[in-house]
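Reader: Hey, could you walk me through this one? I'm new to it.

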Amino acid sequence: MAYKWSWAFGPETVADLENYTGWDFDQLGTSFSNITNVLKHNWLGDQTDKYYVGLRSGYYLRSDPSWFAGEGWVSIYFYVAGSSTWTNDANILIVNGPNSGRNTHIRSTGGNGFTVQLGDLGTKFTGSISGLANNTWHHLGFKYDMTTEDTWTGQLYINGVADASGSTTNASLDVETNAQIRLGGMYSSNPSTTNGIWYSDILSYDSQADPSPYGQFVSRIKVFNDVAESGSWSPASNSGASPGPQASNLSGAVDTTPVVAEATPTTGEFVRIKSQNLGTNLGLASFNSYGFTSHNFASGSSAINIVPKFQLDSGVYVTGSSAIDGTNAYAYASSGSSAYASGSIITYELQVSGS
């Protein structure tokens, strides 16, 4: 599959991310975690919905383990705001193996570089890259393998350049099929745009054979037009409106309002909406794309499944993993490494299933 999952932070609050998107914060208060759009990770294209998350040292933002594989790549852009020297041994990225319960740590150094320690064990492998500048965006790519019993390996890349790497063998290192990442803070103070570390453009690849994701960015695609529905949803689908009422309600932050709702949904019912062409949405006449992830949220009291689907132009629908809509449910579907071009249109569907 290669490309597995991606995330661009948007206008959701920290609490929204915690409650509706699958992300998990240690602490929700602004003394520990924060969201901003003041900092800009500048690249050609629409910056309207680009936001960034900042964290305090010792407090983490955790992914769901289904988003990362037992081997592959973690790709993240980070920005250290302010003039302070980096904290020595601050956990910037942790890759957790859920099966063994062991963590691989990527820690900062006082020389503005990084170390890697695999599975909480043995050697801290120190990178040769140091003196990284504050107040600028850097790329951190980590290629890892936790699929061999007793032996884990890792290779860190900074701004596309190979840095710390190593291998650790220990009987407590088990084979992993999934991985959870944890993003951490740099300083023991409130994360702010003048002092702290901030993250954006998170990518997951599930094969070490994939090239370094350096230079790959993540952008949100807004829904714009209604397409069709099955069931009695409110507001009702209106494919003649531009933008459509359902698309309008579903185009903003992931939240419980506004939504498209039905009192008693049944198996097979769905809501289907679509984007404008990708070039118009991104503000780009041409671009290279590496994959697409549809993120979906539902809430309610019915213990039924939500099933996410999407379609590129008139192609086959891609179906993601279902999630139980007990109270709040997050589900996603990913394209694999398919190239999407300017002029393409993505159609989204969220379907109700009883099983």
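Author: Below we go from the overall fold to a few single residues.

Author: This is a predicted model, where local features need pLDDT of at least 70, side-chain atom pairs count only at pLDDT 80 or more, and totals for chains, interfaces and linings use all residues. Residues are numbered from 1 along each chain as its sequence is written, and side-chain values use heavy atoms, leaving out hydrogens and water.

Reader: Ok. How many helices and strands are in the chain?

Author: The chain has three helices and 24 strands. Those are DSSP runs numbered from the N terminus: helices are H or I with at least four residues, strands are E with at least two.

Reader: How much of the chain counts as buried?

Author: Of the 355 residues, 52% do. Buried means under 20% relative accessible area, exposed over 50%, and partly exposed in between (1.4 Å probe, protein chains only).

Reader: Which residues have the most contacts inside the largest nonpolar core?

Author: Leu 93, Phe 114 and Phe 142, in a core of 50 residues. Another core, of 19 residues, lies apart from it, and Ala 247, Ile 273, Leu 278 and Leu 282 are among its members. A nonpolar core here is a set of buried Ala, Val, Leu, Ile, Met, Phe, Trp, Tyr and Cys residues joined through side-chain atoms within 4.5 Å.

Reader: New topic: His 139. Is it buried or exposed?

Author: His 139 is buried, with a relative accessible area of 0%. It lies in strand 12, residues 137-148.

Reader: What does its side chain make a polar contact with?

Author: With the side chain of Ser 75, at 2.7 Å. A polar contact is a pair of N or O atoms within 3.5 Å; within protein, one must be able to donate a hydrogen and the other to accept it, and residues adjacent in sequence count only if both atoms are side-chain atoms. Leaving aside residues up to four places away in sequence, His 139 also touches others, including Tyr 157, Asn 159 and Pro 213. Contact means heavy atoms within 4.5 Å.

Reader: And Gly 166, where does that lie?

Author: Gly 166 lies in strand 14, residues 161-169. It counts as buried because its relative accessibility is 19%. Gly 166 and Thr 177 are eleven residues apart in sequence and 20 Å apart in space, C-alpha to C-alpha.

Reader: Which residues does a cis peptide bond join?

Author: One joins Ser 234 and Pro 235, with omega about 0°. The bond from Ser 242 to Pro 243 is cis too, with omega near 0°. Pro 235 lies in the loop between strand 17 (223-230) and helix 2 (245-249), and Pro 243 has its place in the loop between strand 17 and helix 2.

Reader: What about phi for Asp 89?

Author: Asp 89 has a positive phi of about 70° although it is not a glycine. Most residues other than glycine have a negative phi, and most peptide bonds are trans. Asp 89 is partly exposed at 36% relative accessible area. Asn 135 has a positive phi as well, near 60°, and counts as partly exposed at 43% relative accessibility.
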